[in-house]
Amino acid sequence: MNKQSAMNAYIKEIGGWVAGQLEACTRCGLCASACHFYQVTDDPEYAPVWKVSLLGQAYQQRFTFLGRLRQALGLGRPITDEALEKWSKLVFEGCTVCNKCAMVCPMGIQLGPLIHDVRAGLTAAGLVPADLHAATVKQDAIGSPLGVTDDAWQERIDWIAEEWEVDIPKDKKGVDTLVVFSSIEIMKFPENLVAVAKIMAKASESWTVSSKGREVVNFAFFEGDRELTKKFLNRVFGAARELGVKRIMISECGHAYDAFRWTAGNIMEVPKGIEVTHVVRVVYDFWKAGRIRLKKGAYDDGTITFHDSCKIQRRGGHIKEPRELLAWLAPRAFKEMSPAREQSLCCGGGGGVISIKEADALRLAVFGMKVEQMNKIGAQAVCMVCSNCRLQFTEGVAHYKSGIQVRGLTDMVFKAME
Amino acid sequence: MDWTSILHFFRGPFFTFSLLFFAAGMTYRLIRVLLLGWSRDKVPSRGSKAVGVAKSYLKGVIILPFIPWVKRTFRGNAMTYIGGGLFHLALLAVVVFSTPHMMVWKSLLGFGWPTLPFPVTDWLAAVGIVALVILLINRMTHPVLKLITKAPIWINWVIVFLPFVTGYAMTHHLGLRYESLYSLHMMAVDVLLIWIPLGRISHFLFYFFSRTIHGAQAGKRAVNP
């Protein structure tokens with residue numbers, strides 16, 4: 001049964017877009033060397049081409065002439081339950097869907113999205129790692145993958161507003177911008193909320209948070225569960241519609257930005273005329289338009305670098321904004337890691353990997369490459385625009401006993417406001 | 001049956017059959033993928049897809065083969081890059097820009113083009129053979145390639161290698177009589193033509209799918225592919 005539903009789910013995913021790319025693979029194996037999971041383990045099973053091969057197998061058996069012939073003759077090897085279980089570990093624990101592999105593929109195959117499809121099939125077969133699925137179930141039932149209830153959310157927002165003396169409007173109708181935070185920010189990085197509130201106030205932007213659309217993270221999107229993904233997206237879109245906002249601002253969260261900005265429109269009806277944007281873009285626009293003024297050279301001590309998040313930079317496109325901001329805030333101190341921008345190395349915590357306890361050792365091993373990258377340029381601080389990355393950096397830096405300071409760019413911008 | 005009539009068969013009727021099989025097979029593969037359904041991208045772009053696609057091809061043609069600058073990719077894959085790059089260069093030079101092959105194209109298409117001097121294509125043919133041997137050794141030793149290489153990929157190698165060595169042997173009169181070598185070369189070419197639609201050598205067609213998709217994906221996000 002497992003096997004069957006997984007196969008069916010795969011096959012449903014196969015349109016020309018997927019097939020054309022599966023057909024293009026020459027089995028050159030170059031994608032392996034782009035994958036940080038392969039690099040730290042030297043285990044060829046972490047090669048992106050191998051992770052995707054489950055999808056390839058399903059495609060061949062169902063759609064190709066030779067594959068069908070083999071099946072008809074009884075020569076086709078069916079996909080076993082053991083294989084599926086092994087693949088579940090590979091694609092959920094050993095892949096952040098960062099899509100760096102697509103950047104080195106000579107054919108340009110989008111391995112990240114294809115691995116997302118593999119995840120979808122395994123999810124349909126009920127083979128999601130327990131921790132990840134528990135978070136998804138929590139988000140479905142309670143509204144937050146961290147288990148923040150409605151009441152706890154209200155209390156936390158009130159506490160942050162009071163403690164830092166900021167105005168955080170709740171469920172305010174008719175404002176321009178709906179800001180959606182992640183539970184990670186609410187619980188672990190409240191300074192992000194403070195920063196956004198202060199920046200919004202300074203820029204005289206009318207904004208609100210919503211108690212209905214209060215979670216930006218989408219755990220169903222990590223799983224590849226399309227129906228549940230839509231349900232979670234709809235909570236926010238519904239709130240946006242109800243409040244009559246002009247735009248939805250995604251806070252520092254990568255996968256959420258991918259889901260709202262690049263995926264929603266192709267899998268569901270999205271409210272017309274509501275723009276989806278990311279906090280780094282909004283802050284950048286405020287600064288460029290002179291709505292906020294930033295102290296030049298506010299962070300010009302030592303060496304600070306920027307971590308490109310796979311879903312906000314490589315797959316999101318906001319590469320220029322943080323750099324221009326840093327060139328202003330830290331003209332001498334800012335130094336690029338190598339590789340950076342589109343080619344950047346993922347931190348290893350994305351794609352839901354950070355929520356899976358069993359993946360901890362692997363995830364931290366992968367982060368070693370990031371530490372190495374930062375040490376190479378002598379960075380004393382690193383900043384980023386994704387809270388999920390930031391969680392991974394905070395943990396990883398502590399694990400490696402590196403003294404590098406980990407910061408959120410929005411928070412830095414707020415503290416540099418004049 | 002003597003070699004002359006064997007040669008006649010393999011460069012005559014059987015070559016025609018192979019060509020037709022190749023054309024029909026590739027058309028079938030193309031149409032099948034096209035008919036699987038393509039949904040329209042309804043998400044508003046940040047940048048230009050067309051620019052992304054143009055950059056994607058430039059990267060595919062210029063940067064990846066010659067400047068594999070993506071960190072850590074060249075290291076550990078030198079054989080793949082060098083072997084793969086030289087093989088494709090040799091393939092282009094020999095199949096398209098050698099005089100005898102251009103004459104075949106001319107007889108099929110009705111027009112010809114300037115070709116490279118014989119010593120150049122001859123050396124490049126040798127380079128192609130060496131590159132194939134490098135790629136074979138690489139495939140047998142690289143841990144990732146060992147894992148992902150199944151029977152059809154090994155068959156690909158043999159089927160691509162044979163036209164190269166028979167062609168080279170024939171131009172240098174190595175071993176057998178000219179007619180015999182020529183016949184073997186034509187046999188190998190015919191088998192290759194029939195095999196292409198059945199396996200992954202067909203990537204030259206699907207290359208245009210994946211590189212276009214890659215460019216469009218990058219372009220709409222306003223990043224470099």
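The model is predicted: local features need pLDDT of at least 70, side-chain atom pairs count only at pLDDT 80 or more, and totals for chains, interfaces and linings use all residues. Residues are numbered from 1 along each chain as its sequence is written, while chains are lettered from A and ligands numbered from 1 in the order in which they are written.

I begin with the domains. Chain A is divided into domain 1 (2–127), domain 2 (131–288) and domain 3 (304–415), with bounds that come from an automatic or database domain assignment. Between domain 1 and domain 3 of chain A, the C-alpha centres lie 28 Å apart. Across this pair, 14 residues of domain 1 are in contact with 20 residues of domain 3; contact requires C-beta atoms, placed from the backbone, within 7 Å.

On the domain 1 side, α3 (36–41), α6 (81–93) and α7 (100–104) of chain A each supply at least two residues. Helices here are DSSP runs (H or I, at least four residues), numbered from the N terminus. The most is given by α3(A), with four residues.

I turn now to Phe219(A). This residue is placed in helix α13 (residues 219–223) of chain A. Is Phe219(A) buried or exposed? Phe219(A) is buried, because 26 other C-beta atoms lie within 10 Å; the cut-off for buried is 20 or more, and for exposed 12 or fewer, with C-beta atoms placed from the backbone. Leaving aside neighbours within four places in sequence, Phe219(A) is in contact with Ala135(A), Thr136(A), Gln139(A), Pro145(A) and Gly352(A). The C-alpha atoms of Phe219(A) and Leu132(A) are separated by 7.7 Å, although these residues are 87 residues apart along the chain.

Key: Two residues are in contact if their C-beta atoms, placed from the backbone, lie within 7 Å.
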